[in-house]
Amino acid sequence: MADLLGLDRTPDEHYTVSMTALKTVLAEAGTDISTVVTALVGPIADRAAERARAEARRAELWDWLDTHPEIRRQPTLSSWAAQVRRAGLINGSVDRTREILSTVLSVLARLPAEGQPLPTFASEVTGDPHALDDGTRLGNLVLRALATIFDAPVPDTAYERRVLWERAGVAADELSSVALTAGLRLGGRGVVCDLVRCCTEAGHAVTLTLAQLRATELHAAPKRVWVVENPSIIAMALREFGTTCPPIVCTSGWPNTAVVLLLRGMTALGTRLHYHGDFDGEGLRIAAYVMEKTGARPWRMTTGDYLRGLRPGAQAPAPGRVTEAPWDPDLAGTILAHDQAVVEESVATDLLADLARHAASGNTSGHSTDEP
């Protein structure tokens with residue numbers, strides 16, 4: 001050490017070396033600290049650069065999750081994405097985390113299912129019949145996402161998990177899962193076509209079971225169908241129009257498997273669906289869910305429609321937890337600013353006026369998407 005640094009005496013057992021002095025000496029010898037240390041102990045990683053690269057990959061992963069089409073289509077899932085982010089990487093791996101989250105989002109995109117048992121549905125989506133079993137990482141992530149969508153508690157018991165899966169159309173009961181309709185005329189083979197024809201001609205509503213829908217092959221459907229959240233709208237429409245009632249389907253809150261199966265079946269035949277629901281937190285989430293899962297378009301669901309529906313000074317319920325509406329970026333903020341829900345029944349006059357124009361036209365044409 002004395003020879004290297006040019007000291008005038010031998011240093012003590014413990015001696016501090018100035019890095020500046022060491023750099024200078026090594027430079028005079030035609031080398032540097034990095035070269036010497038590499039020769040002594042092997043290659044040295046650039047830890048700062050590695051940390052920067054790792055941070056960039058994590059940021060890219062979370063940005064991918066936040067902007068994923070499934071998150072954009074159902075903005076309520078953004079809170080689930082935030083939970084996933086807070087939990088961190090799975091096994092410390094960006095690649096593994098992205099792989100699992102991609103599968104979760106693929107599962108969510110396929111829901112609601114059409115009543116298949118969980119192993120069958122899992123096999124169809126993931127290729128593994130046990131991928132969504134209780135206790136699996138994938139199953140837990142999907143259930144947490146479903147709890148967020150339906151604004152339900154994260155399930156703790158097997159019974160609660162089964163109920164949540166059934167709500168998403170997995171292993172659905174073929175008899176208790178029903179779709180309430182009125183004014184429908186469908187062409188095809190099966191009991192549903194006969195049921196809707198008889199009830200429409202008599203001016204009555206009809207509930208179609210999942211079993212009946214599965215046993216029917218549809219060949220023709222109306223060009224336009226109006227979808228509402230609350231059964232009372234169908235009751236009002238039947239009182240107003242009777243046997244000339246335009247085609248309406250009611251989701252009765254969150255749509256079950258029968259409702260989604262019917263709506264998807266008509267969409268596949270070219271039907272244009274127009275959806276209206278409550279202007280509150282849950283109403284916006286239901287609307288986003290119906291539009292994303294069936295291709296329905298908003299019907300009188302804009303910020304302007306909400307403002308016209310407000311009744312200053314009237315007693316109105318609070319909107320609850322409000323999430324973004326993908327079809328109108330200003331709607332959620334406006335509802336929060338007024339802190340007042342507008343329930344579907346309170347704007348029934350406008351809805352019935354739209355239906356009256358349709359009934360008077362005698363065909364399935366209409367004008368705009370928001371006001372058919």
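Lys293 is buried, and Glu70 is buried too; buried means under 20% relative accessible area, exposed means over 50%, and partly exposed lies in between (1.4 Å probe, protein chains only). The two side chains meet in a salt bridge, at 3.6 Å from N to O. This pair links distant parts of the chain, with Lys293 in helix α15 and Glu70 in helix α5 (residues 69–73), 223 residues apart. The model is a predicted one: local features need pLDDT of at least 70, side-chain atom pairs count only at pLDDT 80 or more, and totals for chains, interfaces and linings use all residues. Residues are numbered from 1 along each chain as its sequence is written, and side-chain values use heavy atoms, with hydrogens and water left out.

**Salt bridges**

- A salt bridge is a side-chain nitrogen of Lys or Arg within 4 Å of a carboxyl oxygen of Asp or Glu; by this rule the count is 21.
- Helices (H or I, at least four residues) and strands (E, at least two) are DSSP runs, numbered from the N terminus.
- Glu124 pairs with Arg110 in a salt bridge, their closest N and O atoms being 3.4 Å apart.
- Because Glu124 lies in helix α8 and Arg110 in helix α7, the pair ties together parts that are 14 residues apart in sequence.
- Glu124 is partly exposed at 42% relative accessibility, and Arg110 is partly exposed at 38%.

**A charged residue without a partner**

- Asp280 is buried yet has no salt bridge, and Arg285, the nearest side chain of opposite charge, is 6.9 Å away.
- For charge, Lys and Arg count as positive and Asp and Glu as negative, while His and the chain ends are not counted.
- Asp280 lies in the loop between β7 (272–276) and α15 (281–294).
- Leaving out residues up to four places away in sequence, Asp280 touches Pro319 and Ala341; contact means heavy atoms within 4.5 Å.

**Nonpolar cores**

- In soluble globular proteins, nonpolar side chains tend to be buried together.
- A nonpolar core is a set of buried Ala, Val, Leu, Ile, Met, Phe, Trp, Tyr and Cys residues joined through side-chain atoms within 4.5 Å.
- The largest core has 81 residues, and Trp80, Leu111 and Leu146 have the most contacts inside it.
- Helix α9 (residues 137–149) gives the largest share of this core, eight residues.
- A second, separate core has 17 residues, including Val228, Cys245, Leu351 and Leu355.
- Not counting residues up to four places away in sequence, Leu146 touches Leu108, Leu111, Leu164, Trp165 and Ala168.
- Ile100, in helix α7 (residues 94–110), is buried, with a relative accessible area of 7%.

**Backbone details**

- Leu111 and Pro112 are joined by a cis peptide bond, with omega about 5°; Pro112 is in the loop between α7 and α8 (118–126).
- Ser252 is a residue other than glycine with a positive phi, near 50°, and it is found in the loop between β6 (248–250) and α14 (257–268).
- Asp339 is also a residue other than glycine with a positive phi, near 50°; its place is in the loop between α17 (331–338) and α18 (348–361).
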